[in-house]
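I opened my notebook for another structure today. Here is what I looked up, in the order I went.

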Amino acid sequence: LPLSTPGAQSALIPNSDITSSNNSDPQKPPINDNPKPKPKRRIIRRKKPSRNQLPPSILNNTALHTAISTSLPKDYEFEIQKTVWRIQESKCTHLALQMPEG
């Protein structure tokens with residue numbers, strides 16, 4: 001249909017005021033001209049020590065080595081030294097360990 005016919009124009013543009021505010025629609029939320037700025041995110045990172053190197057206090061701990069060698073089976077690698085190091089680094093107050101059966 002050519003746009004010059006009166007019926008075509010009324011089909012394209014509904015009978016409403018185009019210049020009216022967007023707030024006239026009850027389903028749309030009101031437009032906020034001054035939104036609150038988002039707070040700046042704080043990123044806290046842990047110190048990244050060398051993960052491959054355990055401190056000498058754990059490596060040279062004879063009581064820990066004897067407890068590991070006498071208590072745990074040789075078939076598994078429990079990485080007890082690494083676990084003790086992570087516990088000391090995190091300074092946790094509560095701890096739960098789950099060991100495999102066997």
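**Salt bridge.** I started with charged side chains and found Glu79 and Lys82 meeting in a salt bridge, 3.8 Å from N to O. My cut-off for a salt bridge is a side-chain nitrogen of Lys or Arg within 4 Å of a carboxyl oxygen of Asp or Glu. Searching the whole structure gave one salt bridge. Both partners are partly exposed: Glu79 has a relative accessibility of 38%, and Lys82 has 39%. For these classes I call a residue buried under 20% relative accessible area, exposed over 50% and partly exposed in between, using a 1.4 Å probe and protein chains only.

**Ground rules.** I am working on a predicted model, in which local features need pLDDT of at least 70, side-chain atom pairs count only at pLDDT 80 or more, and totals for chains, interfaces and linings use all residues. Residues are numbered from 1 along each chain as its sequence is written, and side-chain values use heavy atoms, with hydrogens and water left out.

**Overall make-up.** Of the 102 residues, 9% count as buried. The protein exposes about 10,200 Å², and carbon and sulfur atoms supply 54% of that area. Accessible areas here come from the Shrake-Rupley method with a 1.4 Å probe; for residues, only the protein chains shown count as cover. I also checked contacts, meaning heavy atoms within 4.5 Å. Among those between residues at least 6 apart in sequence, 37% join residues at least 24 apart.

**Core.** Which residues make up the largest nonpolar core? I listed seven: Leu54, Ile58, Leu64, Ile68, Phe78, Ile80 and Trp85. The term covers buried Ala, Val, Leu, Ile, Met, Phe, Trp, Tyr and Cys residues joined through side-chain atoms within 4.5 Å. At least two residues of this core come from each of α3 (62-71) and α4 (80-90). I then followed Ile68, which touches Ile80 and Gln81 once residues up to four places away in sequence are set aside.

**Helix α4, buried side.** I looked along α4 and found Ile80, Gln81 and Trp85 buried. They lie on the same side of α4 because they cover an arc of only 140° around the axis, the arc being that of the directions from the helix axis to the C-beta atoms. The buried residues of α4 pack against α2 (56-59) and α3.

**Gln81.** I gave this residue of helix α4 its own entry. Its relative accessible area is 18%, so Gln81 counts as buried. Which residues is Gln81 in contact with, leaving aside neighbours within four places in sequence? I found Leu54, Ile58, Leu64, His65 and Ile68.

**Positive phi.** I next went through the backbone angles on either side of α4. Glu79, in the loop between α3 and α4, has a positive phi of about 55° although it is not a glycine. Just after α4, Lys91 also takes a positive phi of about 55°. Lys91 is exposed, with a relative accessible area of 70%.

I checked C-alpha separations for two pairs. Ser90, in helix α4, and Arg46 are 44 residues apart along the chain, and their C-alpha atoms are separated by 9.6 Å. Ser90 is partly exposed at 47% relative accessible area. Tyr76 is in the loop between α3 and α4, and its C-alpha atom is separated by 9.3 Å from that of Pro100, 24 residues away along the chain. At 39% relative accessibility, Tyr76 is partly exposed.

Met99 is found in the segment after α4, and its relative accessibility of 40% makes Met99 partly exposed.

Methods
Helices (H or I, at least four residues) and strands (E, at least two) are DSSP runs, numbered from the N terminus.
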